[in-house]
Amino acid sequence: MTLATVLAGLGVAGWLLGERQHGLRRARLLLGAGGGVVATGAPSWERVLGELRRLGGRLGAEWWSLAAGLLLGLLGASVIPVVAGAAGVPVLRRMRLARQARSARERRTDAVIALCGVLAGEVRAGRQPGEALLRAARDSGGLGDAQAAVVAAARFGGDVPGALAVAARQPGAEGLLGLAACWRVAVDQGAGLAAGLDRLDAALRAERDQRADLRAQLSGARATALLLAVLPALGLLLGSAMGADPLRVLLHTGAGLGCLAVGVVFEGAGMWWSARIVRGAEAV
């Protein structure tokens with residue numbers, strides 16, 4: 001039963017790789033029929049590694065958790081690593097998506113800061129606020145998905161502060177609320193827009209630098225938590241190198257299964273607690 005499950009998983013992975021190979025062969029045949037140049041002569045192992053990298057990029061890095069579970073299940077002749085690897089796929093996917101969202105938020109924050117700086121320079125150069133906003137939005141891209149609405153409001157005399165407030169709902173674009181306030185004060189009361197934008201730009205840069213400094217200070221704590229999380233795997237490797245066969249003990253004996261369950265609970269609790277401490281420090 002266990003070996004059948006492992007072999008079935010390996011068969012699925014082989015089928016996906018075979019489908020990819022079939023598509024590549026078909027593309028090569030089409031290019032050859034059209035007179036294109038097809039590169040040949042690459043070593044077979046290089047092609048296999050390239051296909052594995054492309055397959056991992058297409059499916060997502062979290063699927064390597066299932067691959068590792070299949071390998072451990074084959075080595076330990078147990079279905080438990082396969083189940084654990086499959087359970088790790090959604091967790092790793094969630095972590096990957098969170099990391100991508102954080103990167104997108106940081107890029108949007110940098111774009112908003114650039115927008116404020118470019119807009120202040122355009123206004124100081126003597127351009128009208130609407131024209132300056134059009135140029136700044138085109139050069140910086142700090143408005144994100146709401147750029148069309150803001151540009152339309154600036155070009156046709158619409159509610160620019162309202163459009164900026166809507167654009168500020170995007171993660172990382174909260175600084176656009178300050179730009180909307182500066183715009184409203186400058187239009188309603190005739191105040192200098194460039195001076196307000198300079199202060200807003202300085203405040204946003206200071207906040208970004210503070211977050212970057214906090215992340216740098218927390219990098220040591222993250223590295224320590226990661227090292228502690230990897231230690232059990234290193235222990236298994238060390239036990240295997242000494243000939244103790246830890247996989248057989250953990251997966252095929254009652255005491256080993258009990259130790260494995262307790263270890264998984266403590267490992268998960270430790271990682272959750274460490275992540276909570278880091279998130280709490282970042283939220284301060």
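This is a predicted model: local features need pLDDT of at least 70, side-chain atom pairs count only at pLDDT 80 or more; totals for chains, interfaces and linings use all residues.
Entry 1: I then picked out L234, which lies in helix α9. Is L234 buried, exposed or partly exposed? Its relative accessibility is 42%, so L234 counts as partly exposed. The cut-offs I used are under 20% for buried and over 50% for exposed.

**Entry 2: the whole chain.** I stepped back to the overall make-up. The chain has 11 helices and 0 strands. Read from the N terminus, the order of elements is α-α-α-α-α-α-α-α-α-α-α. I noted the chain length as 284 residues, of which 26% are buried. The accessible surface came out at about 17700 Å². Carbon and sulfur atoms account for 65% of that surface. I also looked up contact range. Among contacts between residues at least 6 apart in sequence, 57% join residues at least 24 apart.

**Entry 3: the core.** Next I went inside. The largest nonpolar core holds 34 residues. Which of them touch the most other members? I found L119, L164, L176 and L179. I traced the core back to its helices: α4 (80-124), α5 (129-140), α6 (147-155), α7 (160-167), α8 (175-189) and α9 (193-241) each supply at least two residues. The biggest share, 7 residues, comes from α4. I listed the contacts of L119, leaving aside neighbours within four places in sequence. L119 is in contact with P129, A132, L133, A136, L179 and L197. One of these partners, L179, is also among the core residues that touch the most other members.

**Entry 4: a glutamate in a loop.** Last, I checked E62. I placed E62 in the loop between α2 (44-59) and α3 (63-76). Is E62 buried or exposed? The relative accessible area of E62 is 3%, so this residue is buried. What does the E62 side chain make a polar contact with? I found the side chain of R96, at 2.8 Å. Setting aside sequence neighbours within four places, I noted V89, L92, R93 and R96 in contact with E62.

Notes:
Residues are numbered from 1 along each chain as its sequence is written. Side-chain values use heavy atoms; hydrogens and water are left out. Helices (H or I, at least four residues) and strands (E, at least two) are DSSP runs, numbered from the N terminus. Buried means under 20% relative accessible area, exposed over 50%, partly exposed in between (1.4 Å probe, protein chains only). A polar contact is a pair of N or O atoms within 3.5 Å; within protein, one must be able to donate a hydrogen and the other to accept it, and residues adjacent in sequence count only if both atoms are side-chain atoms. Contact means heavy atoms within 4.5 Å. A nonpolar core is a set of buried Ala, Val, Leu, Ile, Met, Phe, Trp, Tyr and Cys residues joined through side-chain atoms within 4.5 Å. Accessible areas come from the Shrake-Rupley method with a 1.4 Å probe; for residues, only the protein chains shown count as cover.
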